[in-house]
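Colleague: Walk me through this model, please. I would like to begin with a pocket and end with a helix pair.

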Amino acid sequence: EPISDSEPDWQKALCEILEEAGNVPVILLTCLRSPSEVATAIRLGVSGYVCKPFSISRVEDSMQQTLAPDHAVQLPTPRQKEGAIDFIAADRAMLEIKELAHQIHDIGAPILITGESGVGKDVVARYIHHRSVLRGRPFVKVACANISSELIESELFGHKKGAFTGACNNRAGKFEIAHGGTIFLDEIGEMSPALQAKLLHVLQEGTFSRLGSDDEVVVNVRVIAATNRDLERALADGSFREDLFFRLNVINIEIPPLRERRSELSVFCDFFLEKCCHKFGRQSTPLPEHLLNFFSEYHWPGNVRELENVIQLFVILGDAKRVRQDLEFRLQRKQGGQMQEGVPGLMPASVDDCWDLKEIRKNAVSEVEKKVIEKALSRTNGNRWQAAKVLNVSYKTILNKIGEYDLNQFEC
């Protein structure tokens, strides 16, 4: 779209740069952090976006992504408000999921969303509903893992007065409440086999009966289910019905973990900073460079949910060092509980002579880190670029670590 005279100077300058650059990709290094400004920059045509303060390694990573063959689908899209839904998509897989949500807007077939805990299955489900012809109709979420097996049937299908002790009134279930809209069955892998059979009947026939009643209730709902379990393994051990799996798995959406879409980290950080500062009434403070660099190397086992909690901790405490120490402790504890062959324990051999927990933690993390880097270099025959990719770190980081741990014996 043409830029009017009323647009800010930075937009005018960017348009001139992009016009002069032609087909050459342009990466924007800027202190602009608001979602609307990021969206404008991307709309104008930038191929990458790095917020200040930034490190050389972050710029290098952005350049590598931009120059990749498929860089056109890896643009760092910021917070995008679609009604009340914030769907952040900067990674190729997430952009494809967003596009799929647009393609299935008028299809009422069941959807199965899979992925680790905390990756954003709830956000994707809500976005699909909002983009569909059912927007404006009910969206009802049922957290199957948080409801006891004795109550979940009543929660889903309702009950008649007197159906069981404590049933003092007739009650509509979630399926009735969701009639004409969408029901989101979160963590469906936790549902008992008996209830799976009743759910299958609802999907096939569109009818069910309340507990304690023989009257059939007719419903028309779109079913979106989600799980962090491996349902194919559950099929093998008999804990999940095969017929229900194939009935639900008409459209499958697999959401990758955050560690596989690190290009979204900086945008998520900006989004959660804005959100948390508004929530707690704090002045927005940019994340320090050393913390952002640590974020880019951290494994994020809790995915996006963990990142939001970490940003919230930073906003509350205002102490980046404390936040980093907390993450290092989580990393140490996780590695200590999942020891692998050839990876040393976290407790140093000289523990009897050392009572400084900070020193113990530092030495333990360094020891494990060195062993993991050695293994990566060994597997890649000393190829440092490949080792950096395996470890999800920048080339500069791997060079620094090789020097720090004296691993120069690994040569291509």
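Modeller: Strand E4 (85-86), helix H5 (121-131), H11 and H13 each give at least two residues to the lining of the second largest pocket. Helices (H or I, at least four residues) and strands (E, at least two) are DSSP runs, numbered from the N terminus. This is a predicted model: local features need pLDDT of at least 70, side-chain atom pairs pLDDT 80 or more, while totals for chains, interfaces and linings use all residues. Residues are numbered from 1 along each chain as its sequence is written, and side-chain values use heavy atoms, without hydrogens and water.

Colleague: Which element supplies the largest share of the lining of the second largest pocket?

Modeller: Several elements contribute at least two residues each, among them E4 and H11. The largest share is five residues, and it comes from H5.

Colleague: Are H11 and H13 parallel or oblique to each other?

Modeller: The axes of H11 (residues 265-280) and H13 (residues 303-317) come within 9 Å and cross at roughly 50 degrees. Axes are lines fitted to C-alpha atoms, for helices over the stretch in contact, with angles from 0 to 180 degrees between N-to-C directions. Under 35 degrees counts as roughly parallel, over 145 as roughly antiparallel, 65 to 115 as roughly perpendicular, and the rest as oblique. H11 and H13 are therefore oblique.

Colleague: Which residues of H13 make the contact with H11?

Modeller: Contact means heavy atoms within 4.5 Å. On the H11 side, the residues include Phe268, Phe272 and Phe280. On the H13 side, they are Val304, Leu307, Glu308, Ile311, Gln312, Phe314, Val315 and Ile316.
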